[in-house]
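The sequence and structure come first.

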Amino acid sequence: MDKISDLKGKRVLTADGKTVGTLADLSIDEHSWKISALVVEVDASVASLFNVKKRLLKAPRVKIATEKVEHLSDVIKLRDDLSQLKVELH
């Protein structure tokens with residue numbers, strides 16, 4: 001992949017194969033200029049697991065630390081199962 005825009009819209013899956021949502025953006029640490037987190041639009045089916053309130057016109061978003069990423073291909077696969085995954089509200 002050459003561009004960040006190539007990543008947007010990719011499905012984010014947990015280690016146990018559950019869909020968290022789709023990649024909406026990346027969070028960059030302004031001091032180190034490294035990607036610190038994925039900004040994920042959460043599927044409605046898992047939003048309540050993260051205590052994320054549904055938004056009126058847009059899907060709710062959470063941040064997932066980049067250390068949680070196992071690999072990147074046609075999907076973004078995380079290291080943790082859905083029940084173990086810790087997110088930060090966006």
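E41 and R61 form a salt bridge whose closest N and O atoms are 3.0 Å apart. Because E41 sits in strand β3 and R61 in strand β4, this pair ties together parts that are 20 residues apart in sequence. The model is a predicted one. E41 has a relative accessibility of 25% and so counts as partly exposed. R61, at 24%, also counts as partly exposed.

A search of the whole structure finds three salt bridges.

| E41 | R61 | 3.0 Å |

K68 lies in the loop between β4 and β5, while D80 lies in the loop between β6 and β7, so the pair ties together parts that are twelve residues apart in sequence. Are the two partners buried or exposed, or something in between? K68 counts as partly exposed, with a relative accessibility of 26%. D80 is buried, its relative accessible area being 14%; the cut-off for buried is under 20%.

The strands form an open sheet. Seven strands take the order β5-β6-β1-β2-β3-β4-β7, and their pairing is mixed. At the edges are β5, residues 69–72, and β7, residues 88–89, each of which pairs on one side only. β5 pairs with β6, residues 76–78, in the antiparallel sense over three bridges. V69 has L78 of β6 as its bridge partner.

L78 also belongs to the nonpolar core. The largest such core has 19 residues, and V20, L38, V40, F50, I64 and L78 are those with the most contacts inside it. Two or more residues come from each of β2 (19–28), β3 (35–42), α1 (44–47), β4 (61–65) and β6.

Which residues does F50 touch, leaving out those up to four places away in sequence? Its contacts are V20, V42, L82, L85, V87 and L89. Of these, V20 is also among the core residues with the most contacts.

Note on methods:
Residues are numbered from 1 along each chain as its sequence is written. This is a predicted model: local features need pLDDT of at least 70, side-chain atom pairs count only at pLDDT 80 or more; totals for chains, interfaces and linings use all residues. Side-chain values use heavy atoms; hydrogens and water are left out. Two strands pair if DSSP finds at least two bridges between them. Helices (H or I, at least four residues) and strands (E, at least two) are DSSP runs, numbered from the N terminus. A nonpolar core is a set of buried Ala, Val, Leu, Ile, Met, Phe, Trp, Tyr and Cys residues joined through side-chain atoms within 4.5 Å. Buried means under 20% relative accessible area, exposed over 50%, partly exposed in between (1.4 Å probe, protein chains only). Contact means heavy atoms within 4.5 Å. A salt bridge is a side-chain nitrogen of Lys or Arg within 4 Å of a carboxyl oxygen of Asp or Glu.
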